[in-house]
Amino acid sequence: MNSKKPEVLFVCVHNAGRSQMAAALLQHYAMGRVTVRSAGSAPADKVNPAAAEALAELGLDITAEVPSKLTTEDVEASDVVITMGCGDTCPVFPGKRYLDWELEDPAGQGVDAVRPIRDDIDRRVRTLLAELLDAPA
């Protein structure tokens, strides 16, 4: 059996909203069974406050997270690379699974507008986790 944990990379331009929410949710549900990263091609200075507030309602705190720059190494180390519907392009490596989740951008929106985006990401993350953990090694 392959003991290597699956590795997932969430990518969006600013790495401040969608990718941060997705990473936090997957880390929460995976409970250490998946390695999770998030990054952006043009990282923001800080996490989107409305995204942080929406996750805080679920008991998750991303206020200490710092948006990070997407690197080729991030993509290379990942088994699944998920772009967040923001048109970001990632380096493509053979043998990786690439998904694009079409999600509304939470930038500049209040928490009321971000909640449905969070809930959409939450559903997708749960489905992804079930696929990753049920996949034969």
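**Helix H4 and its surroundings**

Helix H2 passes helix H4 in a right-handed crossing, where right-handed means that the near helix is turned clockwise from the far one by less than a right angle, and left-handed anticlockwise. The structure is a predicted model, in which local features need pLDDT of at least 70, side-chain atom pairs count only at pLDDT 80 or more, and totals for chains, interfaces and linings use all residues. Residues are numbered from 1 along each chain as its sequence is written, and side-chain values use heavy atoms, with hydrogens and water left out.

The predictor's confidence in each residue is its pLDDT, from 0 to 100. The chain has a mean pLDDT of 91, and 91% of its residues reach 70 or more. Among its elements, S4 has the lowest mean (91) and H2 the highest (98). Helices (H or I, at least four residues) and strands (E, at least two) are DSSP runs, numbered from the N terminus.

Two packed helices are described by the angle between their axes and the distance between the axes. For H2 and H4 the angle is about 65 degrees and the axes are 9 Å apart; axes are lines fitted to C-alpha atoms, for helices over the stretch in contact, and angles run from 0 to 180 degrees between N-to-C directions. At this crossing, Ala50, Ala51, Glu53, Ala54 and Leu55 of H2 meet Val111, Val114 and Arg118 of H4, a contact being heavy atoms within 4.5 Å.

The buried residues of H2 are Ala50, Ala51, Ala52, Ala54 and Leu55. Buried means under 20% relative accessible area, exposed over 50%, and partly exposed in between (1.4 Å probe, protein chains only). These buried residues pack against H1 and H4.

H4 has 24 residues, which at 1.5 Å a residue should span 34 Å, and its end C-alpha atoms are 34 Å apart, in agreement. The expected span is 1.5 Å times one less than the number of residues. Among the buried residues of H4 are Val111, Ile117, Asp122 and Leu132. The cover over its buried residues includes strands S1, S3 and S4 and helices H1 and H2.

Leaving aside residues up to four places away in sequence, Asp122 touches Leu25 and Tyr29.

Glu102 is found in the loop between strand S4 (97-100) and helix H4 (111-134). With a relative accessible area of 57%, Glu102 is exposed. Not counting residues up to four places away in sequence, Glu102 touches Gly85, Asp120 and Arg124. The C-alpha atoms of Glu102 and Gly85 are separated by 4.1 Å, although the two are 17 residues apart along the chain.
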